[in-house]
Amino acid sequence: PPQYDKVGATLVANEVVGRATNLLRLESDEPLDYRAGHVLALEVEEAGEWLRGPYTVSRATEKTFDVVIRVCGKKTETMAAAPVGSRWRFGGKFHVPILEGINDHATRVVCLATGTGFGPVLGFAEEALASRADLKLTVLAAFREAEDVCCKDAVQRLCVTHSERFECAYVISSTDGRISSETPLATIADIADAETHFHLIGNGEMVNEWKAGLGKAGVADDFVTTETYFNHKAEADADVVERISTTIAAGR
């Protein structure tokens with residue numbers, strides 16, 4: 001694993017933002033330079049043992065940073081149960097902030113996110129809407145069940161404040177199918193053009209299929225950015241790749 005200097009931090013907020021999903025806000029002992037999409041190592045202590053893992057920053061200031069976690073094991077259960085005021089450690093600054101990776105010539109960004117990948121996308125949206133008046137943002141966020149949808153309050157704020165530049169739709173896989181099914185694809189094909197940048201964040205299967213499909217549809221590599229949370233080596237389904245490619249190419 002990569003080496004990093006450990007910095008102390010205090011948990012200042014621990015909010016349930018969806019089923020088995022928490023937003024953690026930590027205040028650093030030292031000045032920060034994080035942005036949405038940076039990846040850091042986060043550590044919490046349990047019975048004398050430091051539990052650690054990589055997490056993607058959702059938003060940050062000079063003193064605080066937010067991460068969204070899915071509660072699904074000992075480490076994240078410990079994190080979700082941690083009281084405000086508890087002491088943590090973090091370190092490292094990996095990956096590229098989402099906004100930094102967006103093509104300068106893009107006029108629209110389509111973000112496709114699964115699960116907690118939705119958190120960094122919202123932080124990026126807040127940054128982009130404040131700093132790039134030329135950009136419109138479309139977000140499709142996939143969750144297994146409707147109860148898993150997270151961060152609804154942040155979405156609502158953006159929809160109200162930036163109604164002409166921001167839109168968000170949820171894809172519930174248990175009822176709607178995957179984010180690559182016909183209805184979501186048609187929605188994207190209706191708006192995507194040669195100046196549309198795609199950001200893909202979440203499980204490896206989704207990321208790999210969309211990356212391959214977009215490439216086959218003629219979307220240039222510098223108009224696609226990715227972050228994979230798990231299943232990095234998942235094989236792309238050839239039929240899904242073809243469906244993405246055909247639909248996106250027709251829309252462009």
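Guide: Let us begin with His95, which sits in the loop between strand S6 (87-94) and helix H2 (98-101); helices (H or I, at least four residues) and strands (E, at least two) are DSSP runs, numbered from the N terminus. The model is predicted, so local features need pLDDT of at least 70 and side-chain atom pairs count only at pLDDT 80 or more, while totals for chains, interfaces and linings use all residues. Residues are numbered from 1 along each chain as its sequence is written, and side-chain values use heavy atoms, with hydrogens and water left out.

Most residues other than glycine have a negative phi. His95, although not a glycine, has a positive phi of about 70°. His95 counts as partly exposed because its relative accessible area is 41%, and that class lies between buried, under 20%, and exposed, over 50%, judged with a 1.4 Å probe and protein chains only.

Asn231 can be described in the same terms. Asn231 lies in the loop between S11 and helix H8 (238-251), and its phi, near 55°, is again a positive value in a residue other than glycine. With a relative accessible area of 47%, Asn231 is partly exposed as well.

A pocket is an open set of points on a 1 Å grid over the protein atoms alone, where a 1.4 Å probe fits and protein lies on both sides within 12 Å along at least five of seven lines, and a lining residue has an atom within 4 Å of a point. The largest pocket holds about 1,100 Å³ of space, a volume being the space filled by probe spheres set on the points, which are joined across faces, edges and corners.

Of the 35 residues that line the largest pocket, Thr114, Gly115, Thr116, Tyr229 and Phe230 lie nearest its centre.
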